Every structure is written in structure tokens, then in C-alpha cells.
Amino acid sequence: MLKLEKLTKTYATGDKALCAVDLEVPNGQVLALIGPSGAGKSTLIRCVNRLVEPTSGKVLLGGEDITSLGSSALRRARRNMGMIFQEYALVERLTVMENVLSGRLGFVGFWRSFLRKFPQSDVDEAFRLLDRVGLLEMANKRADELSGGQRQRVGIARALIQNPELLLVDEPTASLDPKTSRQIMRLICELCEERKLAAIINIHDVALAQMFVQRIVGMKKGELQFDGSPDLLTPDVLTRIYGEEDWKATITKVEEEVE
Amino acid sequence: MSSSTLEAKLGTQWRKPHFIKSPYTRYALIGGTIIYLVFAFNSIEVNWLRVSEGLVRGWRFISAFASPDFLSHGTDIRDGMIESVIMTVASTVVGILISIPIGLGAARNIAPLPIYLVCRTIVALSRALNEIIVAILMVAIFGFGPLAGFITLSFASIGFLSKLLAEDIEDLDRAQAEAIKATGSSWLQWINYGIQPQVMPRLIGLSMYRLDINFRESAVLGLVGAGGIGATLNTSFDRYEYDTAAAILLIIITTVMSLEYLSGIIRAKVQ
């Protein structure tokens with residue numbers, strides 16, 4: 001269970017990205033975080049694994065306060081949190097296999113990783129995951145040879161090989177076409193289901209979020225505006241999160257697709 | 001913009017705004033530059049009598065290239081070249097090994113402030129002192145010979161490689177490095193997986209370039225007594241043996257050009 005208590009982040013520039021956010025994510029729940037650009041979605045998930053240092057508040061994962069950990073305890077805690085990035089963030093000049101195995105870096109020593117001598121169990125798991133995301137043939141390709149959708153599948157495999165309890169997913173579909181976006185979202189949600197993973201998925205595409213998750217949280221200017229099931233997202237709620245617009249098209253479209 | 005002003009603007013000329021907006025500042029700067037240049041050129045004295053004598057000497061030097069003499073001091077040239085190559089390779093390797101940690105420390109995005117300042121100071125110190133000046137100091141400390149040249153070139157390589165490596169690290173794609181950090185990797189693993197693959201082509205390219213520079217510098221350092229082919233070259237100048245000097249210069253030029261060609265191939269391979 002992930003629990004955020006009064007989580008606040010104020011950047012050095014004075015921008016308040018998060019204002020005392022309280023949020024609970026039970027084990028195994030997939031949650032979509034929506035909101036306009038600059039609402040603090042990315043900051044929120046980065047505060048969870050402390051790629052961004054929160055200014056105040058607590059992040060409790062399984063009862064442990066992440067915000068108070070020293071650097072080596074933080075590294076151990078990060079192993080429990082897989083992250084999937086916008087624009088994939090694969091190390092482009094490494095092979096697909098190295099990218100996937102990099103998810104095990106927190107578990108192996110420096111020299112083993114330096115010499116690429118990962119334990120056989122890790123290598124086997126990497127092959128299983130690549131097979132699961134449909135990229136077994138690509139193991140020895142360099143990451144920059146893959147298409148966008150393929151790269152994001154590698155990103156997913158890299159996060160899952162950590163064997164995490166929680167997935168932090170930052171705009172996984174931002175640079176993908178609509179069909180690939182759906183495939184990627186479906187894959188992430190299926191894998192969470194298979195492995196009983198909790199996930200926070202930042203996503204711009206409201207319709208896509210409604211299609212795949214059971215719970216949606218809306219943010220605006222660093223504060224939570226909405227927390228509920230996808231069918232409670234009415235034009236009023238969207239106006240509260242994003243501001244005045246004609247929302248009918250967004251929502252009806254989703255209902256048609258769901259049916 | 002309202003339509004009335006649009007109407008007014010249609011059909012009128014458009015000119016790019018001046019880089020320096022105030023006309024006073026602009027004309028003052030242009031005027032000042034012209035006046036400075038006039039005085040500067042007038043202050044350079046040319047002794048035409050001296051030039052006419054010098055042209056004859058210069059011509060003898062250049063015409064020696066038509067008949068370079070590789071043989072009469074063949075062993076000196078060979079020994080000088082061997083010394084230069086040893087100096088070049090050894091100083092480049094040592095330079096690279098030392099500049100990698102300093103380069104990491106001099107990159108603001110990965111190093112904490114105190115380390116950053118120390119490394120930047122080392123870089124600045126190494127770059128502020130010209131090779132010749134360092135070489136004179138080293139010759140004073142270690143005596144004539146290639147050891148002084150080796151230390152000088154290593155020292156100069158550190159400033160060059162660390163600075164450019166640090167700048168490359170500062171420009172790298174943060175997302176890739178962040179993704180590796182998020183896996184719970186240690187600092188060394190993070191450098192090895194998140195940073196190194198991104199800067200490797202540049203590091204290899206720079207190292208090859210530095211090898212090239214160090215070889216050329218080794219020819220110059222001989223002039224102040226730091227050994228290598230430069231010492232041989234200096235001796236031949238002192239004895240007015242322009243044909244031997246021409247032979248040495250031809251060897252240097254050929255070597256530099258082949259190094260350039262080689263580094264081109266290697267850089268294309270590692271992209």
C-alpha cells in the first residue's frame with residue numbers, strides 16, 4: 001500500500017508543484033492521474049521514488065517512510081518501484097537486453113553489472129519478459145533501432161524485471177499513435193493484473209484512462225480535484241480539472257468505445 | 001492584433017530589428033571599432049629592408065622541401081620520432097585516465113558543488129597554462145628530455161579532455177540517466193549504464209583528436225628542450241640544415257594527416 005501524507009513540493013523558483021497532497025493507493029490497484037500540463041502529475045510520481053526531493057510530507061510504501069531514507073536505503077526502496085517514462089528513456093546506445101537488465105542494477109554488484117555478467121536467473125527473466133512483450137527477437141538490437149511502441153515495451157520490461165510492488169508510469173503514451181497507445185495501456189494494465197501490481201499512471205488522454213483503469217484522480221495546480229471511478233467523470237468534473245471546454249465529445253466517444 | 005492595424009500594416013515594408021536597439025550605442029560601437037583598427041594597423045611597424053633580406057632566407061627554407069634529406073641524419077630523425085611517438089601515446093593514455101574522473105567531477109549535473117569547483121579549478125589551471133610555458137617549467141624541474149615533454153602533454157590533455165567531456169555530460173539526455181537512477185542502481189552503476197553509453201562516442205573522438213594534438217605539440221616542445229622529434233628539428237635549424245629540417249617537417253605532416261584520417265574512420269565506426 002502506498003500512502004502520501006501532506007506531500008508538498010515547492011521548486012527553487014517558488015513554483016508550488018504539490019500542495020499537501022493526501023493519497024492512498026491499495027495494493028494491486030491501478031490508478032490514472034489526469035490533469036493539465038503543469039498540474040504536478042510528474043512531480044507527484046517523481047516524489048514517490050525521490051527523483052524529485054519533496055519539500056515536506058511523507059511517502060509511505062508498505063509502512064516505510066521513503067522521504068526519511070538515507071541514500072543506500074533509498075536505492076533499496078527504489079528497487080520496489082518500477083518506473084516507466086514518457087519518451088521511453090531507454091539508454092539508446094545500449095542493446096535492448098542491457099536496457100532490460102539495467103532494471104536489475106539495484107540487485108547486483110558493480111563489477112557484475114560492469115562486466116555484464118548478470119545472474120542466470122536475471123537473464124532468464126529478461127528473456128521471459130521480452131517474450132511477454134513480444135520482442136524476444138530484438139534482444140541484441142540497439143535500443144535506438146526500435147520503433148516508439150517497441151521502445152516503450154522495452155521500458156515496461158525494464159520496470160517489471162525489478163519485480164516491483166508499485167509501478168510509476170509517466171505519460172506512457174505521450175509520443176505514440178492512437179492504436180499503439182491503446183496496446184501499450186492494455187499491456188501495462190494486463191501486466192499489473194497478472195502480477196498484482198499497484199500503479200500510478202500519469203496520462204493526458206482522458207478517454208484512454210477511462211477505458212483501462214478502475215480509479216481516476218484528477219489534479220490541478222498541485223491539488224487533487226477529483227477521485228473516483230471513471231464513469232463519475234462528468235463534463236462538470238473535467239471543467240473543474242482542466243477549465244472550461246466542450247467536454248461532451250471526449251466523454252461520449254469513450255462510452256461508444258467501451259460498449 | 002486588431003484588423004485596423006493589420007490593414008495599416010499590409011503593403012508596408014518589414015525590416016529585421018537591429019541587434020543593438022539604441023542607435024547611439026550602435027554607431028558608437030561601430031565608430032569605436034573602426035578607429036581602433038586604424039590605430040592598431042598603424043602601430044605595426046614594417047621594416048621593408050629587413051623583409052627583403054628575409055625573403056631570400058625564407059625562399060632557401062622553402063626550396064629545401066624540393067630536396068628533403070632523410071638520410072644524413074637518419075638515425076637522429078628515427079630516434080626523435082620514436083621518442084615523440086612514445087611521449088604522445090603515453091601522455092594521451094595518462095591524460096585520458098586522469099581526465100575521466102575529473103570530467104565527471106566537472107559536470108554540474110552529476111557532481112556536488114564542492115567537487116565541481118575543485119575539478120573546474122584543475123581544468124582552468126591546466127588550460128590557462130600554455131604547453132610551452134609548462135614545458136619550460138618541467139624542463140627546469142626534470143631536466144632535458146622526453147620525461148618533461150610527457151608530463152607537459154599529460155597535464156595539457158587533462159584540461160582539454162576533462163572540459164570537453166564535462167560539457168558533453170552536461171548536455172546529455174537526462175531522461176535516460178534518470179531511468180537508470182530509478183532502478184535503484186548505485187552511483188557507479190548509474191555512471192556505467194546511464195552516462196557512459198551516451199558520452200562514449202564523444203570521448204573516443206576527443207581522445208583521437210587529443211592524440212593528434214599531442215603529436216603536433218611534441219614537435220614544438222622539442223624547441224624548449226622537452227625531447228622528441230622537436231629536439232631533432234631544433235638542432236637541424238640551428239645548423240642551417242634546411243634539407244634535414246624539411247625532411248622532418250614532411251614526416252610530421254604525413255603523420256598528422258594519417259592520424260587525422262585514422263580518427264575519421266574510428267569516429268565513423270563508434271557513432
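**Reading a chain and a helix**

Modeller: This is a predicted model, and we can begin with chain B, where, among contacts between residues at least 6 apart in sequence, 70% join residues at least 24 apart.

Biologist: Which elements make up chain B, in order from the N terminus?

Modeller: Chain B has 11 helices and zero strands, so that from the N terminus on its elements read α-α-α-α-α-α-α-α-α-α-α. The radius of gyration of this chain is 26 Å, well over the 18 Å that the globule rule gives for 271 residues, and therefore chain B is more spread out than a compact globule. Along the principal axes, its C-alpha atoms fill a box of roughly 85 × 65 × 35 Å, and buried residues make up 35% of the 271 residues.

Biologist: Which residues of H5(A) are buried?

Modeller: They are Glu125(A), Ala126(A), Leu129(A) and Leu130(A). Seen down the axis of H5(A), the buried residues fall within an arc of 135°, so they line one face of the helix. What covers them includes helix H3 (96-101) and helix H6 (148-160) of chain A, whereas the face turned away from the buried side carries the exposed residues Gln120(A), Ser121(A) and Asp124(A).

Biologist: What follows H5(A)?

Modeller: H5(A) is followed by Gly134(A), whose phi is positive, near 80°.

Technical notes: Residues numbered from 1 in each chain as written. Chains lettered and ligands numbered in written order. Predicted model: local features only at pLDDT ≥ 70, side-chain atom pairs only at ≥ 80, totals over all residues. Buried ≥ 20, exposed ≤ 12 C-beta atoms within 10 Å, placed from the backbone. Helix = DSSP H or I, 4+ residues; strand = E, 2+ residues; numbered from the N terminus. Arc of directions from axis to C-beta. Contact = placed C-beta atoms within 7 Å. Rg over C-alpha atoms; globule rule 2.2 N^0.38 Å.
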